[in-house]
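I opened my notebook to look through this structure, starting with one residue and then stepping back to its surroundings.

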Amino acid sequence: MYTQSFTVPDGAAKPNDRPNFGAVLSPEQQAALDAAQIKFDAVIDADGKIEPKDWMPEAYRKTLVRQISQHAHSEIVGMLPEGNWISRAPSLKRKAILIAKVQDEGGHGLYLYSAAETLGTSRDQMLDALHTGKAKYSSIFNYPTLTWADVGVIGWLVDGAAIMNQIPLCRCSYGPYARAMIRVCKEESFHQRQGYEALLAMMKGTQAQKDMVQDAVNRWWWKCLAMFGPPDTDSPNSVQGMRWGIKRISNDELRQKFVDATVPQAQILGVTLPDPDLKWNAERGHHDYGPIDWDEFWATVNGDGPCNKERLATRVKAHKDGQWVRDAAMAYAQKKSARHSAQKVAA
Amino acid sequence: MTQDNLTMKEWPLWEVFVRSKQGIEHKHCGSLHAADAQQALHMARDVYTRRQEGVSIWVIPSASITASDPQDKDTLFEPARDKVYRHPGFFVLPDEVGHM
């Protein structure tokens, strides 16, 4: 579903199993490290790919673990606001579509957790960081889905914003992340189109249905613009991300692309985007838009959004409730393999 | 249950290979955690073939794969670089010969 192109500090550094040279290096170690760094820089400069077993600077590894795991967390937390509507979908067709979409999000989480695991962090460590509140996920999921129109708007706008962010990540310098993103992007287009089509159907309905769509657009529009992360002037980490080929296009540039792409879609749909300053600027060749409320955004990132506690509590409960299933499957597998080897010995 | 126990009990990792259609080889498409091979197959089907991406799946414990070390890249693969005569384009033939 998501990513926001910025990542926020998680609070705790993740342990990793790579050799640590420590503070004091022998001249030989220092020379080896310098040579490895030069090789790494050359690959990055040539727009090449880094693979799991290649040498990489610790800061590159840490940045990727943080970004990919936050991205994975966002996928599985993103299942919750829409999952709320599966039992209340207006028809069997919409229900089947929504189940498929929510299942996709779970799959996206899996692709991304797998990519992060290649960097030497375990699935349990990552889930633990999410469940204890150490790791962040996209703030967009800390807002409630009040009506059925919210489900359509999430597909159209939230997934639309995510696609803008994710397409450049398909060219990320880290191979497993880039490959995961290619798979995600292939599925994401279905998410956006099903949302937009659900809204089109409502806009052909009663006045109450049309009002419902407009209300959902009003509530989600600004939050989607904030998904692209702070303005470029306030994103000090972006420069390093660009240098490493992890980030390809700046927050403001992506946000502008999203606004320009969405305005004509809103016109066809027949809704108004809730921004009095939104207008075409012929000189720039882009739409101008009004100021984003960053205080509200940061308050939500830091835990004070309307649904932060509920989302995390639901996640933790699901994980705890599933523990006996994971234990039972493991115990069964061990028993089966023990019996199998006993039979072999007997024979 | 302590965190240590949880970590020890993490389901093993499996690599998934999918054949997209008859006549095409199985291709690596990702990995997943599962308690045993049967479960890994079921999960691979749910995760990697929801849109008719495959007609056959292999799952292999990731721990069973022996991989070459990136450090050995030059030793292993460099010697092939100066043997361009292994490629058909190395040989220049008269035009009259036509396709060969």
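I looked up Tyr48(B) and its neighbours: leaving out residues up to four places away in sequence, Tyr48(B) touches Leu110(A), Tyr111(A) and Arg183(A) in chain A, and Val16(B), Val18(B), Cys29(B), Gly30(B), Ser31(B), Leu32(B) and Glu53(B) in chain B. Contact here means heavy atoms within 4.5 Å.

A note on the source: this is a predicted model, where local features need pLDDT of at least 70 and side-chain atom pairs count only at pLDDT 80 or more, while totals for chains, interfaces and linings use all residues. Residues are numbered from 1 along each chain as its sequence is written, chains are lettered from A in the order written, and side-chain values use heavy atoms, without hydrogens and water.

Next I checked the nonpolar cores, sets of buried Ala, Val, Leu, Ile, Met, Phe, Trp, Tyr and Cys joined through side-chain atoms within 4.5 Å; buried means under 20% relative accessible area (1.4 Å probe, protein chains only). The largest core has 90 residues, and Tyr174(A) and Tyr48(B) touch the most other members. Helix H6 of chain A, residues 148-169, gives the largest share, 11 residues. I also found a second, separate core of five residues, among them Ala329(A), Met330(A), Ala333(A) and Trp11(B).

Then I turned to chain B as a whole. Its elements run α-β-β-α-β-α from the N terminus. Of its 100 residues, 23% count as buried. I noted that its C-alpha atoms fill a box of roughly 75 × 35 × 15 Å along the principal axes.

Definitions and conventions: Buried < 20%, exposed > 50% of the residue type's maximum accessible area, 1.4 Å probe, protein only. Helix = DSSP H or I, 4+ residues; strand = E, 2+ residues; numbered from the N terminus.
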